[in-house]
Amino acid sequence: MIEYKNDIFALHGEGFSCLMRVNPYGLLELLHFGEPISVDDAEAFTLHPGLGWGESVLLEEGDTQSCPDVMPLVWSGSGRGDYRESPIQLGGIPTDFRYHSHEILPRPEPMQSGLVQAHGEGETLKILLRQPGLELTLYFSVFGGVLTRRTVLQNCGENTVDLTRLMSGCFDLLGEYEMTTFDGGWIAEMRRHVTPVGESRVVNESVTGFSSHRHNPGFLLSEPDATETAGNIYGFNLIYSGNHYGAAQRSLQGFTRVMLGISPDNFLWQLQPGERFETPEAAVAFSTEGFGGMSRKMHRFVTEHIIPPYWKERPRPVLYNSWEGCMFDFNHYRLVSLAREAKELGCELFVLDDGWFGQRNSDTAGLGDYTVNRKKLPYGLSALAEKINGLGMNFGLWFEPEAVNPDSDLYRAHPDWALTDGFAPLLSRHELLLDLTRPEVRDYIVAEMSAVLDSAPITYVKWDMNRHSIALGEKAHRYILGLYDILRRIFAPRPHILLESCSSGGNRFDLGMLSFGPQIWCSDNTDPIERIAIQESLSYLYPQSAFGAHVSASPHAQTLRTTPLRTRGNVSFFGCLGYELDLGHLLRIEKEEIKGQITFYKKHRDIFQFGAFTRLKNGWQVSDGKTVLAAVFRGQTPAAPGYETLRLRHLDPEKRYRFTSVPQKLRIGPFGSLVKHVAPVDLDPNGFVLRTADRLITLPDGGQDLLASGAALMAGVRLLPLFRGTGYDKNQRTLTDFGSELFVIEEESL
Ligand code: GLA
């Protein structure tokens with residue numbers, strides 16, 4: 001709800017209020033952004049500068065109240081007395097926007113530039129500020145528990161304006177904060193770092209041309225004593241896939257100025273008379289219930305207002321992806337045989353990854369040429385897709401539409417279509433980007449992809465992009481507008497196609513890409529222990545239905561770590577489950593285990609994909625209100641481990657629940673020479689008998705089954721003891737290194 005009373009703007013969403021006023025100087029002051037409060041309480045939040053501060057620059061001589069440098073603002077300028085970071089810069093020209101008028105709208109105004117914005121009902125406050133020759137409009141919308149902001153600058157004058165910075169939003173928050181950022185690189189996405197915000201600026205920025213795995217655009221501000229379950233947290237994100245900037249810095253007076261928007265690094269936009277520039281929309285989730293409360297709000301926002309409505313809570317198929325198993329080495333028959341195996345295991349969608357077109361036999365050639373490679377697929381795509389449909393599975397396909405290999409027919413025909421900067425081309429993974437700012441390039445991509453998508457029954461697209469950009473300034477932003485134009489033209493008429501975006505893994509995991517496709521491939525790193533950290537970090541800002549999460553081979557290609565199949569499954573369950581390994585290399589017992597995993601996942605798919613997600617001390621839980629699924633993850637096993645407790649959350653303390661562990665199988669290989677102590681004959685642990693037995697025999701492990709109240713389960717259920725070197729017992733948990741366990745907690749019906 002948005003109200004305007006006694007000269008105060010009050011925006012109320014689920015669990016928050018934002019109060020602003022136009023002060024006597026026409027500047028927009030932020031009185032409060034936090035806990036829900038009434039507009040009638042505004043006086044309690046009004047600051048009194050009294051006799052002012054030393055060396056203040058005043059807007060009105062003699063008026064100590066008129067110092068902009070100490071005002072808590074939602075917008076400011078450069079060179080006019082506020083020496084904190086400015087949300088706007090016009091290439092060295094001072095900016096001093098003052099209030100002109102406002103409107104309260106029942107829903108957001110559509111954007112005009114081709115950017116993406118939150119969809120659905122969202123009451124909107126539109127405030128117009130002016131300075132000579134320029135109009136600045138600030139939009140604030142309320143979507144459930146999330147406040148969004150964006151800014152539009154209109155050139156009403158007669159001269160071109162050099163826009164070098166325009167933030168989507170800016171807030172002065174009173175108090176002390178820590179900033180959590182999610183940083184990394186290829187196969188090392190989303191490493192969580194916490195930095196105290198002091199009087200030096202803390203910055204979260206990407207300048208690679210994309211949102212990037214170096215620094216995800218989402219970041220958090222938390223009070224230093226906040227925890228997972230309590231304390232004030234702000235989660236910030238940007239609905240944009242290009243260069244981004246987020247910053248926080250404390251002033252002497254105790255305000256933390258936080259802002260976010262397009263990165264000003266090398267940014268320059270020449271705004272001609274009569275033109276307008278629109279920033280991307282920023283989203284802020286506030287919660288008093290710690291990191292968990294903030295995350296739940298962000299998850300709902302993404303599900304309700306970001307992803308395409310067609311995919312809202314629509315179950316995502318269990319998929320098999322050919323990449324890690326085959327790479328470029330496949331043909332029609334190998335794919336059909338893999339598909340047959342994948343179907344046997346329970347997969348519902350077969351995805352043919354890279355290598356199906358042009359001369360794409362390695363990553364050095366063929367990008368850009370989306371004609372089927374007849375050597376590998378002599379019967380064509382539609383015959384393959386139909387064959388796979390005949391096996392009872394849907395068919396999906398990989399593309400990397402934004403890039404081109406110099407060794408391709410496309411590049412030979414149109415070398416000028418590649419993005420260049422006047423210097424020698426800079427290759428990355430042997431590829432260049434196409435210049436998506438050019439209409440003919442966009443038309444080509446739309447036509448080629450549409451023709452392929454309409455040539456065969458294709459229900460899924462993996463849209464990859466495997467390099468950083470070289471575009472700077474205006475071009476970098478226009479590239480993203482070009483990308484959104486292409487995505488809109490291809491997928492708006494084909495809403496049933498499940499679009500999973502990917503960028504060397506999670507190099508473009510952002511709300512912009514999620515606006516077109518509801519899933520993103522989190523990382524090329526599928527080692528489950530690494531994935532626990534990656535998926536957990538993503539869970540601060542994105543719902544688990546957005547995570548492409550696959551079981552891959554062990555030892556793992558990137559870490560050479562050996563992990564139990566059950567842990568690979570248990571981690572991938574908390575996302576959109578897939579399998580990505582050579583099925584021909586699986587043992588019979590592994591195939592049985594995978595069948596069990598897929599059956600279990602399908603039974604609980606709605607909860608895994610769309611249930612409320614909670615980070616626990618030693619694992620995760622998801623819940624639909626009646627059934628909770630919880631996983632406990634272990635790292636390396638210590639000798640003589642102590643007892644372990646699982647503290648669940650968000651249960652009804654009064655209700656009774658059945659708490660059971662999902663049966664797990666233990667291979668005998670890990671027991672090594674211990675086996676000979678229990679076997680009647682002396683067996684060599686490296687000998688034929690035990691090696692064969694390891695491939696054939698499994699032991700039951702750790703079945704727990706009890707009834708308890710929600711209160712007891714939230715206080716902490718005692719799990720069965722762990723293996724302590726004193727022998728095998730099926731009533732203990734022999735998890736081994738990197739083991740894990742899954743529990744089902746179901747409300748007892750009366
Ligand atoms: C990228 C993706 C992988 C795979 C390969 C194919 O690395 O992240 O998942 O699709 O490209 O070349």
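Colleague: How far does a polar side-chain atom of Asp354 lie from an oxygen atom of the ligand?
Modeller: This is a predicted model. Asp354 is among the closest of the residues around the ligand. From a polar atom of the Asp354 side chain to a ligand oxygen atom, the distance is 2.6 Å.

Colleague: Which residue has a polar side-chain atom 2.7 Å from an oxygen atom of the ligand?
Modeller: A polar contact needs N or O atoms within 3.5 Å. Arg429 has an N or O side-chain atom at 2.9 Å from a ligand oxygen. The 2.7 Å distance belongs to Lys462.

Colleague: How many residues surround the ligand?
Modeller: The closest are Asp353, Asp354, Arg429, Lys462 and Asp524.

Colleague: Are α9 and α10 roughly parallel or roughly antiparallel?
Modeller: Two packed helices are described by the angle and the distance between their axes. Helix α9 covers residues 528-538 and helix α10 covers 565-573; their axes come within 9 Å and cross at roughly 15 degrees. Angles under 35 degrees count as roughly parallel. Therefore α9 and α10 are roughly parallel.

Colleague: How many residues in the contact of α9 with α10 are nonpolar?
Modeller: From α9 come Pro528, Ile529, Arg531, Ile532 and Gln535; from α10 come Thr567, Arg568 and Val571. In this contact of α9 with α10, 2 residues are polar and 2 are charged. The number of nonpolar residues is 4.

Colleague: Why are α6 and α7 described as roughly parallel?
Modeller: Helix α6 spans residues 439-455 and helix α7 spans 473-491. Under 35 degrees, an angle counts as roughly parallel. So α6 and α7 are roughly parallel, with axes that come within 10 Å and cross at roughly 30 degrees.

Colleague: Does α6 pass α7 in a left-handed or right-handed crossing?
Modeller: The residues that meet include Met449 and Leu453 in α6 and Ile486 and Phe491 in α7. The contact of α6 with α7 divides into 7 nonpolar, 2 polar and 4 charged residues. The crossing of α6 past α7 is right-handed.

Colleague: Which peptide bond is cis, with omega near 0 degrees?
Modeller: Look at the loop between β30 (547-551) and α10, where Pro555 sits. The cis bond runs from Ser554 to Pro555.

Conventions
Residues numbered from 1 in each chain as written. Predicted model: local features only at pLDDT ≥ 70, side-chain atom pairs only at ≥ 80, totals over all residues. Heavy atoms only, no water. Axes fitted to C-alpha atoms, helices over the stretch in contact; angles between N-to-C directions. Helix = DSSP H or I, 4+ residues; strand = E, 2+ residues; numbered from the N terminus. Parallel < 35°, antiparallel > 145°, perpendicular 65-115°, else oblique. Contact = heavy atoms within 4.5 Å. Nonpolar A, V, L, I, M, F, W, Y, C, P; charged D, E, K, R; others polar. Near = heavy atom within 4 Å. Polar contact = N/O pair within 3.5 Å; in protein donor to acceptor, adjacent residues only side chain to side chain. Left-handed = near helix turned anticlockwise from the far one by under 90°.
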